[in-house]
Amino acid sequence: MKWLVLLGLVAFTECIVKIPLRRMKTMRKTLSGKNMLNNVLKEHAYRLSQISFRGSNLTIHPLRNIRDIFYVGNITIGTPPQEFQVIFDTGSSDLWVPSDYCSSSACSTHVRFRHRQSSTFRPTNETFRIIYGAGRMKGVVAHDTVRIGDLVSIDQPFGLSVAEYGFRDRSFDGILGLNYPNKSSSRAIPVFDKLKNEGAISEPVFAFYLSKDEQEGSVVMFGGLDHRYYKGELNWIPLIQAGDWTLHVDRITMKREVIACSDGCMALVDTGASHIQGPGRLVDNIQNLIGAKRCGFKHYVSCSVVNTLPSIIFTISGIKYPVPARAYILKHRLWGFRTRTSILCTENKEQESEGKKQGVRGTMDTLVLL
């Protein structure tokens, strides 16, 4: 189990709020990560061991295990509250859910926000669009009360989609972005930053614990860290620059040989991604080294050899993070994601047919880590 720890700026009260996330089967691996630079740490110094139990408010939401792709959590919007299942996504900054005006087929399979039923709803005339790796949406900006467990953001700006593409069969209603404000497509202040600015959280920190257990155990924490979820010391890793959760990877090795990033490369820590993604040449090299055979847009190995395959080791800030084969190979059908990053194992000679869904095809210059 690896940690993703993201440090924001400042906050004042003393509560830790935990939202349980359910693992939707895919092996999600997050590398330990994130540090603000030394001057920020000195200015906003705190000791992790003291954050864990100080009058903490623990909020747990039961979640459904629907698929094998994402970690999702529940939030509510409006008065009275309307509940939505969202991805807590460090790759984007906006919160959005489907509107009751959305006519796309994707909206018909998800919970829609009924704005007429909320007494605290406030509309605007602002519009925006977002393009993700596997879908896109367009919508309008509105304001209402947003609740994440016991955390409450009054008059929070958020998006209401009026059109969605690529999300029809996804097991979430919307996305709650945790990236920096400058990445907001709607130019609205993100939920975390608004809570931080209003002193609703005790420390400028959110963190993920992503469990291997498919039923329970995963959490996203706001306002601090709970040391019951890890042993030893956390590794703090500097960002390349403030404004994005992008860090520097020293190298990627396998069997003590450098297989990628020999001169270093950038990597985006993205909790909304369902795979470790990278440039096609990098991914193809890894697949060749483990003997994976290509079939359509996916690569396969025999399940009988998974335990004999080497780990892929990411070296970040001089620290090695091994990802074992059982984590980077899926022993499950993935319904035809068109991505150069999927490696699956099969127990027979039949290969599943290619689906029509479109994902990232491995042409980016920056790694995407999860």
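The model is a predicted one. Its protein chain has 370 residues, 59% of which count as buried. The secondary structure comes to six helices and 21 strands.

**The chain overall**
- Of the contacts between residues at least 6 apart in sequence, 71% join residues at least 24 apart.
- The chain exposes about 16,700 Å², and carbon and sulfur atoms supply 49% of that area.

**The second largest cavity**
- By type, the lining divides into seven nonpolar residues, four polar and one charged.

**Salt bridges**
- A search of the whole structure finds four salt bridges.
- One of them joins the side chains of Asp155 and Arg122, at 3.0 Å from N to O. Asp155 lies in strand E8 and Arg122 in strand E6 (residues 122-131), so this pair ties together parts 33 residues apart in sequence.
- Another pairs Asp244 with Lys183, with the closest N and O atoms 3.8 Å apart. These two residues sit in separate loops, 61 residues apart. Asp244 is buried, at 18% relative accessible area, whereas Lys183 is partly exposed, at 38%.
- Lys194 and Glu198 also form a salt bridge, with their closest N and O atoms 2.7 Å apart. Here Lys194 counts as buried, at 10% relative accessibility, while Glu198 is partly exposed, at 46%.

Terms used: Residues are numbered from 1 along each chain as its sequence is written. This is a predicted model: local features need pLDDT of at least 70, side-chain atom pairs count only at pLDDT 80 or more; totals for chains, interfaces and linings use all residues. Side-chain values use heavy atoms; hydrogens and water are left out. Helices (H or I, at least four residues) and strands (E, at least two) are DSSP runs, numbered from the N terminus. Buried means under 20% relative accessible area, exposed over 50%, partly exposed in between (1.4 Å probe, protein chains only). Contact means heavy atoms within 4.5 Å. Accessible areas come from the Shrake-Rupley method with a 1.4 Å probe; for residues, only the protein chains shown count as cover. Ala, Val, Leu, Ile, Met, Phe, Trp, Tyr, Cys and Pro count as nonpolar, Asp, Glu, Lys and Arg as charged, and the others, Gly among them, as polar.
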